[in-house]
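Grab a pencil and get ready to look closely at a protein chain. Try each task yourself before you read its solution.

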Amino acid sequence: MESEQLYHRGYCRNSYNSIASASSDEELLDGAGVIMDFHTTEDDNLLDGDAASPGSNYNMSNGGGAPSSTTHLLDFLEEPIPGVGTYDDFHTIDWVREKCKDRERHRKINSKKKESAWEFTKSLYDAWSGWLVVTLTGLASGALAGLIDIAADWMNDLKEGVCLSALWFNHEQCCWTSNETTFAERDKCPQWKSWAELILGQAEGPGSYIMNYFMYIYWALSFAFLAVCLVKVFAPYACGSGIPEIKTILSGFIIRGYLGKWTLMIKTITLVLAVASGLSLGKEGPLVHVACCCGNIFSYLFPKYSKNEAKKREVLSAASAAGVSVAFGAPIGGVLFSLEEVSYYFPLKTLWRSFFAALVAAFVLRSINPFGNSRLVLFYVEYHTPWYLFELIPFILLGVFGGLWGAFFIRANIAWCRRRKSTRFGKYPVLEVILVAAITAVVAFPNPYTRQNTSELIKELFTDCGPLETSQLCQYRSQMTGNDAGPGVYSAMWQLCLALIFKIIMTIFTFGLKVPSGLFIPSMAIGAIAGRIVGIAMEQLAYYHHDWFLFKEWCEVGADCITPGLYAMVGAAACLGGVTRMTVSLVVIVFELTGGLEYIVPLMAAVMTSKWVGDAFGREGIYESHIRLNGYPFLDAKEEFTHTTLAREVMRPRRSDPPLAVMTQDDMTVEELQATINETSYNGFPVIVSKESQRLVGFALRRDITIAIENARRKQEGILPNSRVYFTQHAPTLPADSPRPLKLRSILDMSPFTVTDHTPMEIVVDIFRKLGLRQCLVTHNGIVLGIITKKNILEHLEELKQHTEPLAASWYYHKKRYPSPHGSNGKPRSRVHHVQLIRSFQDGWGGRGEDSEDEEEVGLLDSSNL
């Protein structure tokens, strides 16, 4: 009966059953070759299965009185309690409990589906709800992405002028139907008027330049001011990229409101404003946040996901794939991005649903056709020259540059963000945004490569020069006899060098502002500028020195063998990889983004090199660095634990801390229980047998206890402050005048994860990472010593990072000595109240000397010493 109830409650681990199968305390404690005498008559009847045996101290009773084989006590806690199993804001979910709840729900549905047609229909709805929610998420993500792209393009062109024939047309659309445009000046038409033409009536001259300059700054500041005000007033969570927080949420952390409807609405509006303001940011990262907001909102339509936090994170993983799919037009890259970069738990069915969500989102975006080119990809390229083996050298050098840029950017941006948090400057986010936007607009306008939209800049840098191109980058002296660079190319080179310096500086100060700000496009722009510069240099080197051994085998006189646009594409991938440390997903995103599948080997070489170079300066990418800066409880699965500490060195309480707060299974009152909760701030409490026997029974969460007591007072009569609380199956024997007892067994986790005090921390960290635990109890021969939480592990990892070398183990694994079960007078020792590990050295983290002969001691303290 007991095992059946454990099974149906959803706790699927077997630590409690292993205790129940032992016949005596000696069998439980004879683990290290030494027997510790904890025997009392009370321990003989600990297990609920023995409650009906003769001599048992546990009998069913109605608030005291004669034992009864049946109960008419209102055991309301056998029914689900509203609120139990939920989580507070800024808390971590219990993955194991959530998965067990889902399996129990699934078993219940399967057991009922043959009872009636209605139950069968409900089972079909439950089975297909996962596909329905990702379909809705994909549809909404694609529609919002198309709306953002169209609005951002229109508002970006609004800084330069307006279309008189149709105000809702951007510059390109305004001139589509004009018959007065020429091929060389295809962007000039009578329907499009600059602000100088509208205000001053002239299109050329110093006055018109100053007027256009002023209007450009005015619109940039207006858009930036409106964006930061909307974020500050209505949705503070709408700022930033969102990917660090998405990664933290997918790891099991609760941030209420971060994926809510207000955040979605404000992020969509302010993302358009921030991009149109000309700040050095992109919309691709925030689009992942927008897609996850859609997934979170739609998940509340299906109880399967709304009532289970672990299942909801499967939807969010699929939503992040849809976000990258619509951001870059790269559905497969979006799935790989979700798998490699953001997801913490990614089962096979989530892979399928992520693929489907990305497919639906890409289909919707292609139907909207926001770019007007009938293509899904953002920067479609078509190169006519293959790459040659000798070009791997400059490709790898671009990878080195990307890794160095990534390491420099991460350190500089984190230092600036930390300074923003620690100084008064961070208290004025509106002023900071206005200041950065003003500097950006003032410096960007004179340079055509910084004035234009960053996505348009990248597209121009990726483009291969041909007879139809009018860009300065393609102004060669003769296209027929080879690519001999003309004055326009050298002028463009200087402007690109200035644009590179400007982008590097402004991106450092822009990422982290209180407006939606992505990092993909600015990083790709920096890499594309550097790559184009290197590509043109290689092209001219091959033209003037075609007889060098590097070129003479591939480059004939008058023939093109270098494609500068390819270098820009490789440089963009290298710089983005150096900042984010992505590899596989980045390569797939870039070749989906450009359609350049033939050039996947150069991309792989550059991205891998950038990761190696970046990892030499620090293994954390920009998102992991911001997670650590904000103090989010995130255990990175990519980080290796190489230290040799033990569980006892990390657990709480420590020697200088108060004793561990515990609850007993059947001798505490409601008043004592509430006093323990009010006097402490812990999120959970180990439940032990008694004050005399510290043996572990289970673990109860603070929130569940509070909700259960409040619910009992509302629904059950006779619950008083002095009512006995019991976590056992049957109520203890009480005097006849005692108030009705309160049973809290249904909220007790009777199989909490436990480790021994000698468990290496590398194993504990792996358990937390792979099982998603909130806490783990530390025991010694079945007796509770302390607790390790996710926060304790993160603090421990942070302490270890301060040391250049792994800490030596401060405990020996051999020569363990335990005190004799008998005292010096030959009599048995008194009953154990607490077990405390005593170190033979004073400092908390230092190791023993090589000549030390001290051995590990386990001090047994009776109740008089505590």
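Predicted model: local features only at pLDDT ≥ 70, side-chain atom pairs only at ≥ 80, totals over all residues.

Residues are numbered from 1 along each chain as its sequence is written, and side-chain values use heavy atoms, with hydrogens and water left out.

**Exercise 1. The whole chain**

Task: Work out how many helices and strands the chain has, and what share of its residues is buried.

Solution: 
- Step 1. Start with the folded pieces: there are 29 helices and 13 strands. These are DSSP runs, numbered from the N terminus: helices are H or I with at least four residues, strands are E with at least two.
- Step 2. Next, burial. Of the 866 residues in the chain, 55% are buried. Buried means under 20% relative accessible area, exposed means over 50%, and partly exposed is in between (1.4 Å probe, protein chains only).
- Step 3. Finish with contacts, meaning heavy atoms within 4.5 Å. Take the contacts with a separation of 6 or more: 74% of them involve residues 24 or more positions apart.

**Exercise 2. The largest cavity**

Task: Find out which domains the largest cavity lies between, and why we can say so.

Solution: 
- Step 1. Rolling a probe the size of a water molecule over the atoms shows where empty space is left. On a 1 Å grid over the protein atoms alone, a cavity is a set of points where a 1.4 Å probe fits but cannot get out, and lining residues have an atom within 4 Å of a point.
- Step 2. Count them: the structure holds 7 cavities of 30 Å³ or more. The largest has about 150 Å³ of space. Grid points are joined across faces, edges and corners, and a volume is the space filled by probe spheres set on the points.
- Step 3. The largest cavity has 19 lining residues, with Val275, Leu279, Leu281, Asn453 and Thr454 nearest its centre. Helix H18 (448–451) and helix H19 (454–462) each give at least two residues to this lining.
- Step 4. Sort the lining: 5 nonpolar, 9 polar and 5 charged. Here Ala, Val, Leu, Ile, Met, Phe, Trp, Tyr, Cys and Pro count as nonpolar, Asp, Glu, Lys and Arg as charged, and the others, Gly among them, as polar.
- Step 5. The largest cavity lies between domain 1 (131–152 + 236–368) and domain 2 (389–629), because both give residues to its lining. The domain bounds come from an automatic or database domain assignment.

**Exercise 3. A glutamate in a helix**

Task: Is glutamate 624 buried or exposed?

Solution: 
- Step 1. Locate glutamate 624: it sits in helix H25 (residues 622–630).
- Step 2. Its relative accessible area is 7%, so glutamate 624 is buried.
- Step 3. Skipping residues up to four places away in sequence, glutamate 624 touches Lys247, Glu341, Asp636 and Lys638.

**Exercise 4. Backbone angles**

Task: What is the phi of asparagine 369, and of arginine 581?

Solution: 
- Step 1. Asparagine 369 has a positive phi of about 55° although it is not a glycine. Its place is the loop between helix H15 (348–368) and helix H16 (392–422).
- Step 2. Arginine 581 is not a glycine either, yet its phi is positive, about 65°. At 5% relative accessible area, arginine 581 is buried.

**Exercise 5. A cis bond**

Task: Which residues does the cis peptide bond with omega of about 5° join?

Solution: 
- Step 1. The bond joins arginine 652 and proline 653.
- Step 2. Proline 653 is in the loop between H25 and strand S3 (663–664).

Methods
1 Å grid on protein atoms, 1.4 Å probe; cavity = no way out; pocket = protein on both sides within 12 Å on 5 of 7 lines; lining within 4 Å.
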